[in-house]
Amino acid sequence: MLPEHRRRIIDSFARRLILCYSGLVGNPQDHMDKPEPRWQALLAFLAVGAIYLALPRDLIVGPIWLLPTLIIVLLIPTVVAHKTGKRSLNRALGILINGITTLALIGSVILLVRALPSHRETPMKLLLSGGLLWLTNVFVFALWYWRLDGGGPTMRHEQKKFGSTSFLFPQMQVPHDERAQFACTGWRPRFLDYLFVAFTQSSTFGPTDAPLLARWAKVLSMIQIFISLSIVILLISRAVGVL
């Protein structure tokens with residue numbers, strides 16, 4: 001048995017270590033209570049608009065300024081609706097922006113398919129265009145997953161549920177009594193998690209670390225994978241044709 005004064009010293013040192021650790025990593029409950037940051041999703045929308053401007057004119061549906069202008073014009077009331085607590089309007093505008101960017105993406109991919117036999121664009125320009133459309137595909141469907149999972153970011157914050165209702169993230173597979181060890185006691189997905197899901201699905205043409213649970217997620221995933229696979233196959237066929 002340790003002497004009483006030594007045990008007190010050890011207990012005091014242990015408490016200080018716990019306080020220091022808590023200050024560094026934060027309280028998991030605080031993570032659950034804090035609203036999800038929206039700036040990452042806003043940057044993704046702006047990136048889609050910027051990528052659209054970088055595409056060749058032959059791969060753009062309508063005026064070149066149309067999509068970036070629509071994104072900016074619709075983002076402003078979307079942010080205002082979120083700040084003023086108008087959830088239904090915020091959700092409707094968010095889905096509207098996602099739908100517009102998805103239609104623009106599909107239209108550009110169709111124009112890319114039509115541009116290949118005509119040989120109007122140089123191989124380097126087609127390669128760059130395919131890469132930009134592939135990246136747009138990642139951003140667009142990451143925004144879809146982020147917007148729809150669990151009713152959206154606002155609903156996820158209000159319900160404060162652990163994990164996700166539509167994706168089986170690795171943190172959700174950790175046993176309950178081991179979650180504190182892996183710092184995922186109060187874990188919920190953020191936009192970067194959905195971006196990673198979209199990136200891996202476009203890269204491997206299937207789900208990787210986060211299996212799909214919801215039917216709507218499976219439908220969107222099939223569309224995303226089909227677009228990504230189409231772009232890659234087109235670029236490979238073009239490269240073979242050049243050789």
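Trainee: Why is F167 called buried in this predicted model?
Mentor: The relative accessible area of F167 is 0%. Buried means under 20%, so F167 is buried.

Trainee: What makes W216 partly exposed?
Mentor: W216 has 27% relative accessibility. The partly exposed class lies between the limit for buried, under 20%, and the limit for exposed, over 50%, so W216 counts as partly exposed.

Trainee: How do you know that F167 and W216 form an aromatic pair, and why is the pair called edge-to-face?
Mentor: Ring centres have to lie within 6.5 Å, and those of F167 and W216 are 6.2 Å apart. Planes over 60 degrees apart count as edge-to-face; here the angle is 85 degrees, so the label applies.

Trainee: Where in the chain do F167 and W216 sit?
Mentor: F167 is in the loop between α7 (153-159) and α8 (191-204), while W216 is in helix α9 (residues 215-242). They are 49 residues apart, and the pair links distant parts of the chain.

Trainee: What makes the pair of F169 and W187 edge-to-face?
Mentor: Their planes are 65 degrees apart, and the cut-off is over 60, so this pair is edge-to-face. The distance from centre to centre is 5.3 Å. F169 and W187 are both in the loop between α7 and α8, 18 residues apart.

Trainee: Are F169 and W187 buried or exposed?
Mentor: F169 has a relative accessible area of 3%, and W187 has 11%. Buried means under 20%, so F169 is buried and W187 is buried.

Trainee: Which residues do ring pairs link into a cluster?
Mentor: Y145, F167, F169, W187, Y194 and W216. The count of aromatic pairs comes to eight.

Trainee: Turning to the helices, why are α3 and α6 called roughly antiparallel?
Mentor: The axes of α3 (residues 39-54) and α6 (residues 123-148) cross at roughly 155 degrees and come within 10 Å. Angles over 145 count as roughly antiparallel, so α3 and α6 are given that label. The crossing is left-handed.

Trainee: Which residues meet there?
Mentor: Among them are F45, V48 and I51 in α3, and L135, F139 and L143 in α6. By class, the contact of α3 with α6 has 13 nonpolar residues, one polar and no charged.

Trainee: Which residues of α6 and α8 meet?
Mentor: W134, F141 and Y145 in α6 are among them, as are F191, Y194 and L195 in α8. The contact of α6 with α8 has 14 nonpolar, four polar and no charged residues.

Trainee: How do you know that R147 is buried?
Mentor: R147, in helix α6, has a relative accessible area of 5%. The limit is under 20%, so R147 is buried. Its contacts, leaving aside neighbours within four places in sequence, include T78, N90, R91 and P153.

Trainee: What is the percentage of buried residues in the chain?
Mentor: Of the 243 residues, 41% count as buried. The chain has nine helices and zero strands.

Note on methods. Residues numbered from 1 in each chain as written. Predicted model: local features only at pLDDT ≥ 70, side-chain atom pairs only at ≥ 80, totals over all residues. Heavy atoms only, no water. Axes fitted to C-alpha atoms, helices over the stretch in contact; angles between N-to-C directions. Helix = DSSP H or I, 4+ residues; strand = E, 2+ residues; numbered from the N terminus. Parallel < 35°, antiparallel > 145°, perpendicular 65-115°, else oblique. Left-handed = near helix turned anticlockwise from the far one by under 90°. Contact = heavy atoms within 4.5 Å. Nonpolar A, V, L, I, M, F, W, Y, C, P; charged D, E, K, R; others polar. Phe/Tyr/Trp six-rings, centres within 6.5 Å; stacked < 30°, edge-to-face > 60°. Buried < 20%, exposed > 50% of the residue type's maximum accessible area, 1.4 Å probe, protein only.
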